[in-house]
Every structure is written in structure tokens, then in C-alpha cells.
Amino acid sequence: MEQKTEHSNSYCIRILFPFLLLLIAGCNSYLLDDAQYDLRNSFADGDYSQSEQLLKSFDERDLYKGKDAVLWNLENGMIYRFAGKYDSSTTFLHQAELDIENNYTKSISVGFESLIANDNKLAYDGEPYEDIYLNAFKALNFVHQKDWEGALVETRRMSFKMEQLDIKIKGLADAFSKADSSGRGEWESNKVNIQNSAFAHYLSTVLYAKTGNPDNARIEFEKIGVAFRDQAALGNYEPFDTKELEYLKNPGTYNVLLTSFTGQSPIKYQNDVRLFLDKSYLKFSFPSIELYQTRVHNVRAVINGKRDLNLHLIEEMDLVSKEIYQAKQPIIYTRAFLRSLFKAGGTSLISDAIEEESTEAGFVAKVLSLLYKEASEKADLRGWQTMPGQAWMHAINLPIGTNTVTLEYLSSTGQVLYAEEYEVDITENTDLELIESIFSK
């Protein structure tokens, strides 16, 4: 009798230990979630030195692992650029782009084991919209540094990625379908209903016009209207008449590009589904995204304390991001479902085998397997926290001399929520000055 009890205890210890190891290993994902939350709030406060220090403290605590390198580079790239350190920003963003490409290539050549692995354990390959918008900020870095050709390379990459979105996401679904040896997954994607970025085409029109390429400027300008209509089809965006922007094709009519960013990137939330299937308990978790509701209704520029004008809302980056994310969502659901099936099957086999040896140990194993499925299942909530939600632009012509430009962020009632003042020196040789501002709330 004593021997049987010792045998049962031994089983309990043997099954308890791996469960505990798995649960401890999952704790880091929650620490990273907290770090992302803190970083988002710090960046929204506009104290980029503090955000930089926060990232360094995360590095000391090893919160961003090697598999999170894409995020690490995206966040650094953004914080450094709004601190005016454009070379460092471009280096970080460029590395993020390379890592996204490498990780995506690996993700489409995975075996079945990787399909059912917890997404948090895999190298983050970036959301498709993050891969697109990083080029926008690289382009603006080059504009700050008067490197027009460098900026055009980035806007072209941005446009190309937008055009290839549908192919890329369908390719991911096809690759996973081929790797799925279980035959239980339904691998498909939703259609991407937007293939043009007004942000990229607006900036390209300005840059082509300023570099003496009127034909390319005209082509890019025509695409702005298409992009506006694409955005309007998504729901909330209200396009305006592109005739107001015709002057962009004439480089002599403006010498300053005003650019403002508002809001924040979409926020990922965890959804949990619990069900019984074939007498097994399943729990699977997957992320969904919600838009951050900015307080800004309008952005106004006050020129030399006299003239004022409104910036154009060129792109609702958050709305576009949500649309792109939804195209990929069926793939995310299928992976989460397969993962839960695998866990349920594996834990049932172990519990049944233990129960054959000992009824008491088998009961303990079943309880632990249920706790394991509850605690270990976690949605991948990783994402680019410092990406803005909306892009506003307006190209203006300022007189020779020192000018004062104040960018005001207005609420729906006209209240000034935030304002930044800039001095810009214009000479007869000034081609294009970029004034850039951000208010993330």
C-alpha cells in the first residue's frame, strides 16, 4: 500500500514539474505586455528622453528578447526620430525592416510544429501595416536631411508594399495550408480592400515635383484621389476634393511641408474562447484590435501670428491598419484553434496514461491539464506602440526671412489641446523645409 502511494506521488511530481515550467516560461509574455503599455503612455506624454530611458531600463531587465527585435527597433526608431536623431532612427527602422523580411520568410517555411506553437514564443515578424508605415518615417527622416532621392526610395517601397498586401497575406495562408499535416485547419484570408496609401502618394508628389520629375509627380498625384476613395470605403474617412491639392505638382508654389501626427496605433486585446469538443476541454486565445480614439478633431497652422489654415487629414493610419489586420485575422484564428486542439490531445493522452497507473494521479493530472490550458493560452499582443494614428499634411509658401509657425491641435469644440511653435528661415534658395509635429492623445 505504501509502495502504491509513493508511486502515485512520484507520478504527481513528474507531471506537475513540466506544467510549472511551461507556466513560468509564459510569464515573460505578460511582462512584455506591461512594458509595452508603459512605453505607449510615456511616448504619448511627449517626453522622448523619458521614453528613451524607459527603453534602456527594459533592455537592462531583458524584457525584449531576441524574438522581439522587430519591436525593439521600431520603438527605438520612432523615439529617436522625434528626438531629432534622424541617423539613429533610420538605422533602427532599417534593421526592423530587414528583420521583418527575414522573419516573414521563416514564417512561410515552417513545419507543422511551428504552426501550433504559441505565437508569443515565435520571432515577431511585424504586422503588414507596421512594415508599410516604417517606410513613411524613414522617408521623413531623409526629407529632414534633404536627401530627396533617399526619401523617394522609401515612398516607392511603401507604395509597392501596399500593392502587394493581398498577395502577401494570401501567400501566408497558402504556406500554412501546405504545412498543416493535421487536415483540421481551414487556411484562408480576407480580402484587403485598400491598396493605396494617400500618405505615400502625397509625399511622392511633393518629392518628384521638387526633384524636377513632373510626369512622375502627376502620376503620383492621380493616385492620391484613388487612395482617398479607398479610405472612404473603409467607413469613417471623409475625403476632400483633390483639386485643392493640384498646386503640389507645381514646385514653385510652396517651400514648406507641414506634417502632423495624432492619435495612437490600434490596440490589441485578448479574446478567449472556451468549448468542449470530442469530450475535450479547449481554450484558445487570439488578439483583436480596437482603434484608439484621439481627442484631436482638427490641426491648425498659425503663420506669423496672422494667417491660419487647416492641415488636411491625409491618412487615417489606424483605420488602414485595422483593415489590413482583419485580412490576416482568419489565419490567426486557425492557428489558435489548432494550438488548442494540440494541447487538448496531448494533455488527454498524458492524463489517460497516468490514470491507467493510478486513479488518484490520473485525477490530479486532469486537473493540472485543465489549469495548464487555462493559464498557458495567451494571445500575442505584441505591436508597435509608438506608431501614430493619423497623418495630416499641408504644403505652404512662406516669404523670405524668419517665419513663425504654430501648429495647434484642436478638439471637436475648437479648444486648443496642444500647440507647438517653430521658427523657420526661408531664403531664395530654400527648396523645401519640413516642419513635423506630433500629439498622441
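**Strands, then charges**

Tutor: Val 273 has Phe 284 as its bridge partner in S3. This is a predicted model: local features need pLDDT of at least 70, side-chain atom pairs count only at pLDDT 80 or more, and totals for chains, interfaces and linings use all residues. Residues are numbered from 1 along each chain as its sequence is written, and side-chain values use heavy atoms, with hydrogens and water left out.

Student: How many bridges join S2 to S3?

Tutor: Eleven, between S2 (residues 267-277) and S3 (residues 280-290), running antiparallel. Strands here are DSSP runs of E, at least two residues, and helices runs of H or I, at least four, numbered from the N terminus; two strands pair if DSSP finds at least two bridges between them.

Student: Which residue in that hairpin takes a positive phi?

Tutor: Asp 278, near 55 degrees, with two residues between the strands.

Student: OK, charges. How many salt bridges are there?

Tutor: The structure holds 25, each a side-chain nitrogen of Lys or Arg within 4 Å of a carboxyl oxygen of Asp or Glu. One of them pairs Arg 81 with Glu 436, closest N and O atoms 2.5 Å apart.

Student: Where do Arg 81 and Glu 436 lie?

Tutor: Arg 81 is in helix H3 (residues 69-82) and Glu 436 in strand S10 (residues 433-439), so the pair ties together parts 355 residues apart in sequence.

Student: Is Arg 81 buried or exposed?

Tutor: Buried, at 2% relative accessibility. Buried means under 20% relative accessible area, exposed over 50%, partly exposed in between (1.4 Å probe, protein chains only). Glu 436 is buried too, at 11%.
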